[in-house]
Amino acid sequence: MESILIPLMGGLAEALQPLNLSMLVIGCLIGLFVGAMPGLGSVNGVAILLPVTFLVPPDAAIIFLAAVYYGAMYGGAVSSITLGIPGASTAVATVFDGRPMAQSGKADQALLTAAIASFVGGTISVVLFTFFAPPLAAFALKFGPAEEFALMMLAFATFVGLGGDDIAKTIGSIAIGLILATIGLDIISGKPRLIFFDISGFFHGVNFLVLAIGIYGIGEMLWTLEQTKGDVQVHRVRAGLGSIAEHLRRIKEYIVPASLSGLLGYFVGILPAAGATPGSLMAYGMTKALSKDPDSFGKGNIKGIAAPESANNAASTGSMLPMITLGIPGSPTTAILLGGMIIWGLRPGPLLFTEHPDFVWGLIGSLYIANIFAVILNIAMIPLFVRVLTLKFTILAPVIFVLCIVGGYAPTQTMHDLWLMLLFGVVGYLLRKLDYPVAPAVLAIVLGPLAERSLRQSLLSSQGDPLIFLERPLSAIFILVAVALFVYPLALRWWRNRQRDDSAVPAGE
Amino acid sequence: MTVRTAEFTASILLILASLGLMWKSADGLSVGWIPGAGPGSGFWPFWLAVIMLLSSIATLVRWFLRATPQSRSDEAFVDRDTVQIVGLTVLALFFLLLASHYFGMYVSLMAFLLFYLRFIGGHSWTLSITLMVFIPTFVFFFFEYLMTIPLPKGITEPLFYPLYQFLY
């Protein structure tokens with residue numbers, strides 16, 4: 001207990017330092033804004049803003065980005081409720097009851113519910129995070145390269161088994177991401193690989209930010225332009241101090257489902273393929289199933305807003321757990337944070353707790369404080385956000401494009417990378433229209449170099465014997481679970497087909 | 001082009017791309033197993049390209065069987081409105097990058113912003129010009145001054161000399 005509380009106090013103190021605290025507040029504000037804009041979510045905000053953080057030291061940079069991540073989870077509800085369009089995919093479930101509630105003139109209550117429920121989910125998950133992270137990191141210290149590689153395969157397998165997208169397309173997306181990561185000089189032999197058309201720009205490899213900003217910046221904006229055609233319709237919100245007073249009496253209506261959803265969201269968030277979107281949908285389903293009055297859901301039930309909002313905040317914290325302790329991101333957003341940590345010269349993984357305790361505990365401390373700031377800023381700025389949402393998308397879009405271009409130039413400072421970024425953005429947009437999932441590719445390009453290194457290190461130590469992955473017990477377990485996740489959707493489909501055939505025969509007779 | 005044709009085209013292109021990647025990974029690199037040392041430099045990309053090939057073939061087979069929702073859809077892959085707004089946006093970005101090579105990024109960004117705000121967005125001249133001036137100025141102070149990352153300036157470099165003298 002003490003081994004956690006003392007560093008936690010240190011972390012809180014670290015997060016309260018002037019630079020870190022100002023980064024945190026700015027991050028929360030930007031996150032709220034990014035989350036509230038339709039089409040932009042935490043992952044887009046973090047991808048586009050990562051290059052900007054080169055200005056400050058890594059401790060402050062991660063606090064800023066985590067605050068953006070956090071704020072975006074709060075902000076997502078604003079457009080779900082006032083526009084009826086999810087501000088980010090993580091706030092999809094908030095539309096179900098948030099929109100009807102806004103239509104019945106209670107938009108203020110819906111927005112307050114979202115803010116308070118987010119706070120509940122966020123707080124529960126941050127406390128869980130604090131107590132889970134150190135033991136998990138200590139356990140992960142036993143991992144060698146074989147376990148690392150097996151764990152990464154497990155992370156990819158979760159996309160196949162639990163991602164819910166087309167399996168062949170998911171595997172294709174993972175492979176593309178991993179191949180992009182191999183471009184450039186081979187880390188072990190030093191030989192150049194995949195230098196297409198002898199273009200010298202490929203020698204320094206493809207920075208993960210080029211893909212991440214391409215897909216989540218440019219591709220996402222193209223996608224949103226298509227969806228909104230540059231126009232949105234806002235619902236009127238009237239909110240004042242009276243709404244807050246009225247709301248305080250209503251908190252008890254949803255505090256229990258919000259807490260349960262927070263727990264659920266946290267654990268779902270830990271899984272790489274799951275994360276905040278399925279977490280919030282599951283929490284919505286669970287709350288509806290447990291309710292005495294399930295028919296009132298979808299018609300403006302306050303619990304239907306509290307559950308997904310609590311869960312998506314909890315999931316965002318949950319997804320940081322494997323990133324900090326194992327070096328495996330739990331979501332696309334944390335994949336980009338992980339890539340950022342590599343740029344800042346930190347080696348993600350269990351050693352982070354012993355080698356850079358200030359960094360880790362500063363981040364954990366900042367999550368507590370970000371939670372408090374996000375809820376206050378969110379409630380205080382509801383009127384402003386609603387005004388901002390009436391902005392035409394054709395004003396926001398060029399500004400975001402400029403940020404993408406300039407931000408994409410910053411890490412490597414070559415025009416070559418900007419052309420690649422535009423290419424990835426357009427191709428990613430087109431493939432996404434065909435249901436190719438893009439998140440696995442981003443995760444893969446971040447993990448690619450680490451996966452290849454651990455694969456080759458393990459094989460070097462076993463003199464080229466691939467059985468090493470099965471001889472070591474932990475790695476064997478990871479591989480077995482990974483195989484099970486690969487087989488699971490196929491087996492499920494086969495089983496369903498068989499049942500359908502069985503039931504079809506008597507029906508035909 | 002219908003969604004069905006688009007899925008077919010995409011899977012064929014991905015198959016060709018993975019074949020190209022396999023060939024490129026094998027080009028001068030060892031894709032096999034070096035006895036006693038494990039895989040060669042080309043091993044990892046080569047076999048990943050094989051996985052990409054197999055997954056694209058699987059998609060193609062599922063397309064023939066009409067197993068994916070896209071392969072059953074005869075809707076237009078991109079409708080007329082989308083072509084207009086997305087196509088114009090992509091073209092504008094293309095010319096922004098192209099112009100950056102010659103005229104530098106600041107001038108190109110200004111032209112891009114003006115075109116986008118005034119002609120795609122249809123906003124007022126006042127708003128368009130305000131943002132056109134304000135955003136590149138902000139970018140200049142943030143990137144050049146605070147982060148010391150010089151953006152490409154091409155032939156417009158001399159215009160910045162007075163600013164450099166003032167700042168540094």
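Student: Into which domains is chain B divided?
Tutor: This is a predicted model, in which local features need pLDDT of at least 70, side-chain atom pairs count only at pLDDT 80 or more, and totals for chains, interfaces and linings use all residues. Residues are numbered from 1 along each chain as its sequence is written, with chains lettered from A and ligands numbered from 1 in the order in which they are written. Domain bounds come from an automatic or database domain assignment. For chain B they give domain 1 (3-72) and domain 2 (80-167).

Student: What distance separates the centres of domain 1 and domain 2 of chain B?
Tutor: The C-alpha trace of chain B spans about 60 × 50 × 25 Å along its principal axes. Taken over C-alpha atoms, the centres of the two domains of chain B are separated by 39 Å.

Student: What is the radius of gyration of chain B?
Tutor: The radius is taken over C-alpha atoms, and the globule rule is 2.2 Å times the number of residues to the power 0.38. For a compact globule of 168 residues the radius would be near 15 Å, whereas chain B has 24 Å.

Student: In what order do the elements of chain B run?
Tutor: Helices (H or I, at least four residues) and strands (E, at least two) are DSSP runs, numbered from the N terminus. Chain B has five helices and two strands. From the N terminus on, their order is α-β-β-α-α-α-α.

Student: How many residues of chain B are in contact with chain A?
Tutor: Contact requires C-beta atoms, placed from the backbone, within 7 Å. On the chain A side, the elements giving two or more residues include helix H8 (167-182) and helix H20 (439-461). The contact joins 50 residues of chain A with, on chain B, 58 residues.

Student: Which residues have the most contacts inside the largest nonpolar core?
Tutor: A residue is buried if 20 or more other C-beta atoms lie within 10 Å of its own, exposed if 12 or fewer, and partly exposed in between, with C-beta atoms placed from the backbone. A nonpolar core joins buried Ala, Val, Leu, Ile, Met, Phe, Trp, Tyr and Cys residues through C-beta atoms within 7 Å. The largest such core has 210 residues, and those with the most contacts inside it are A:Leu65, A:Leu211 and A:Val442.

Student: How many residues of H5(A) are buried?
Tutor: Helix H5 (residues 92-103) of chain A has 12 residues. Its buried residues are covered by elements including H4 and helix H6 (107-140) of chain A. H5(A) is mostly covered, and the buried count among its 12 residues is 11.

Notes
Contact = placed C-beta atoms within 7 Å. Expected span 1.5 Å × (residues − 1).
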